[in-house]
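Reader: I would like a close look at a single part of this model. Please keep it brisk, and give the cut-offs as you go.

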Amino acid sequence: MGRIPFSWLPMDPAATATLTGAIPPPFPAGASNGAAYCIDPALLASFMPPGTSRQPALLPNPAEAARRRQEEEERAAIRLVHLLVTCTGAIQAGDYSAAQGNLAEARAILGVIQTSAGIGRVAIHFADALAQRLFPAYPHAAAPSAPSPAAPPAELLGHFYDAGPYLNFAYSTANQAILDAFEGCDSVHVVDFALMQGFQWPPLIHALSKRQGGPPRLRVTGIGPHPADGRDELREVGVRLAEIARSMNVPFCFRGVCVDQLDGLSKWMLKAVPGEALAFNSVLQLHRLLVDPDADPAVPAPIDMLLDLVTDLQPRVFTVVEQEADHNRPSLLERFTNALFHYAAMFDSMEAGGARTGAGAVAETYLRGEIFDIVCGEGSARAERHELLGRWKERLARAGLVLVPFGPNELRMAKAQLINATSFSRDGYSILECAGSLALAWHDRPLYAATAWRAAPGGSSAAAAAAVAGTEWRDNNGGSRDRGSYGIGNLAIG
């Protein structure tokens, strides 16, 4: 699949109308930004997969037929994306009738182009999310498609783990930072903010078993929600980890803690022991504790409550992996356009790895859930509040945490994981660096960012201020990528 070759260009409405002759009108006058968004048609040529439009009438030669077919595909793709963005702007402005018209036309295009690859593959999820968002407010709209049967969250995450290197990068990078922090310690304790199926910990147990001088005593506290069906999944994972540790002669103890929200954790639940080396681990969890950027600052945010707990317990290391994306905007239109580019890159990378059937298809459902939350959720109903590395650095520094730069070991391990992986195509993936942080990138676009932290001496946020320095990702060859401009493939979106 080609990489997404379109760019968003705020344009004068008159200029927009002349772009192709097929572009819908700009947003209604009530739109918040008053701008019309269009797509440069020249940049879409390499994105559309072949064979997505009806065969044209007889043409003089095959080359001419292919050229015209390509032009049809480009026009359809341009109009499809523009209709989805215009629909979003109309919903934001409260013009639901116009939004329904745009969405109906977009769905008509999706009915005749290929949706198993290219622009159609990602657009169908965003169109379905817009339908879900529109229907309650405008009953005249067509009812959204019936949702597919959802697998349990842990199962979805397992399939997502198999669909690409995303979680493998997160787990291996965090584990190396934890190993470095535990060096020379005889008793260690890991608190995992989302144990799920526990995929992260067998490699750590194995590494500790090989430590010179013998393994330490390892305690793992796994956090998870209360069981919904009477099945104690935390205990099941703990039993499996204990069996692995026993087979490797690592002294091991497991404890599960059930909380439905991480801000509900208390110190007494974690049973920290003096003299024990403590590590906190959070993979794709902290963004769920954020609130709207314009929320009342006098009301403590859930993220602040959790970070206060972390700094109070003075861990040797706090490993954090988050989506490198900007989806915590009050404006629906901003969230939608940012999400469209981020998930287009995700789907592109999954498709390049052949993740279309079996585990890959279920993994796509995992991403679809995130898309629906970003597009349909408002206020406290929205959980997927992804933010960029710079904001995370500022937030964690204010909480009294200091960045622990990833060193050569972490970088070497992250690269080795990409080289040694065999279940997906490695072409297009890379590891980027940014002031002690690492990111997994697809064609130089950061997808997931990993950082490691420790409590500042005395909890001083002033001592942590240096952690906010650096917002520019660098590739393996020392090249840089401007954090103010994103692109997929060789095309930047600024």
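Author: Start with His327, which lies in the loop between strand 7 and helix 11 (332–352). Helices (H or I, at least four residues) and strands (E, at least two) are DSSP runs, numbered from the N terminus. This is a predicted model, where local features need pLDDT of at least 70, side-chain atom pairs count only at pLDDT 80 or more, and totals for chains, interfaces and linings use all residues. Residues are numbered from 1 along each chain as its sequence is written, and side-chain values use heavy atoms, with hydrogens and water left out.

His327 counts as buried, at 1% relative accessibility. Buried means under 20% relative accessible area, exposed over 50%, and partly exposed in between (1.4 Å probe, protein chains only). The side chain of His327 reaches the backbone nitrogen of Ala339 at 3.5 Å. Leaving aside residues up to four places away in sequence, His327 touches Arg335, Asn338, Ala339, His342, Tyr343, Ile374, Arg382, Glu384, Arg385 and His386. A contact here means heavy atoms within 4.5 Å.

Now step back to the strands. Strand 7 (residues 317–323) runs parallel to strand 6, and five bridges join them. Two strands pair if DSSP finds at least two bridges between them. Strand 6, helix 10 (residues 302–313) and strand 7 make a right-handed β-α-β unit. Right-handed means that, with the strands pointing away from the viewer, the path from the first strand over the helix to the second runs clockwise.

Strand 6 also pairs with strand 3 (residues 187–192): the two run parallel, joined by five bridges. There, His189 stands opposite Leu278.

How covered is strand 6? Seven of the seven residues in strand 6 (residues 277–283) are buried. In a regular strand, side chains alternate between the two faces of the sheet. In strand 6, one side carries Ala277, Ala279, Asn281 and Val283, the other Leu278, Phe280 and Ser282, and all of them are buried.

A word on confidence. The chain has a mean pLDDT of 81, and 77% of its residues reach 70 or more. Over residues 1–54 the pLDDT is below 50, and this stretch has 131 contacts in the model beyond near neighbours in sequence. Residues 480–494 also have pLDDT below 50, with 45 such contacts. pLDDT is the predictor's confidence in each residue, from 0 to 100. Where pLDDT is low, the predicted coordinates should not be read in detail.

Terms used. Polar contact = N/O pair within 3.5 Å; in protein donor to acceptor, adjacent residues only side chain to side chain.
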